[in-house]
Amino acid sequence: MSNSIPVITIDGPSGTGKGTISGMLSKELGWHFLDSGALYRLVAVGAEKKGISYSNINDLVDFALAMEVQFSTQFDGSIELNGEEVSALVREESSAGKASQVAAIPEIRQALSKRQRVFRQPPGLVADGRDMGTVIFPDALCKFFLTASPEERAQRRYKQLINKGLSVNLRALLQDIQARDERDSNRAVSPLVPAEDAHVIDTSDLSIDEVFTQVLLITRQALTKST
Ligand code: C5P
């Protein structure tokens, strides 16, 4: 039944604009939005808050299955974990690194896969992540994989953090990005690779609006074909 509900997947490494593009697309279509990276971040920060070690896989899986997560539907990015507003903590750079550690654990990916599929609700879903098109929604109507050079992605992140008034080091950011790419691309389960049928877009020299125009055009064509 849920398979008749259309899904658009937008995968790729961080700093490619995929979060922004996914949000814009879900708004434009009036569809639901899944920020799958946030689920991995929530497991990582939530477990840490509870004192659960990442090597204690049983307790980590229990936590991933039981955690109560509330995403705001107002596109304001607020996230509640077990009743507590945690969006600032979840968005921290350090939480991304921790998320990529727990995301390499097969049992955690398994525990989160069902939770992710629950987001497939009418009239449709835009899913943002690393393995949305390859593993979680292989039957998606349309799949995108956004890329950009590590240097460009580090620059973008640098500007974002500076604009937030945070002091950051560009070299350290680039190193973090490269370490995370390495871990995400080489892990045994659900590595970060484009689906065979994904539209790959290199965003290095494109503005967000230029990327969005391409994504929307391809999406509209796929929607027309499917009706
Ligand atoms: O997208 P975001 O930066 O929030 O993801 C944080 C981390 O979560 C990624 O570096 C990756 O290790 C992991 N992740 C994943 N699969 C997804 C989404 C995120 O492994 N579908």
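This is a predicted model: local features need pLDDT of at least 70, side-chain atom pairs count only at pLDDT 80 or more; totals for chains, interfaces and linings use all residues.
**A parallel sheet and its helices**

Residues are numbered from 1 along each chain as its sequence is written, and side-chain values use heavy atoms, leaving out hydrogens and water.

Strand E7 (residues 142-147) runs parallel to E8, and 4 bridges join them. Strands here are DSSP runs of E, at least two residues, and helices are runs of H or I, at least four, numbered from the N terminus; two strands pair if DSSP finds at least two bridges between them.

Now the whole sheet: 5 strands, open, parallel, in the order E2-E6-E1-E7-E8. Strand E2 (32-35) and strand E8 (199-202) are the edges, each pairing on one side only. From one strand to the next, the twist averages 20°, with axes fitted to C-alpha atoms, for helices over the stretch in contact, and angles from 0 to 180 degrees between N-to-C directions.

What does helix H1 (residues 18-29) touch on the sheet? H1 packs on strand E1 (7-11), E2, strand E6 (125-129) and E7, and its direction makes about 175° with that of E6. Contact means heavy atoms within 4.5 Å.

Last, H10. Its buried residues, meaning under 20% relative accessible area with a 1.4 Å probe, protein chains only, include Val 211, Phe 212 and Leu 223. The buried residues of H10 pack against E1, H1, E7 and E8. Thanks, everyone!

Technical notes:
Buried means under 20% relative accessible area, exposed over 50%, partly exposed in between (1.4 Å probe, protein chains only).
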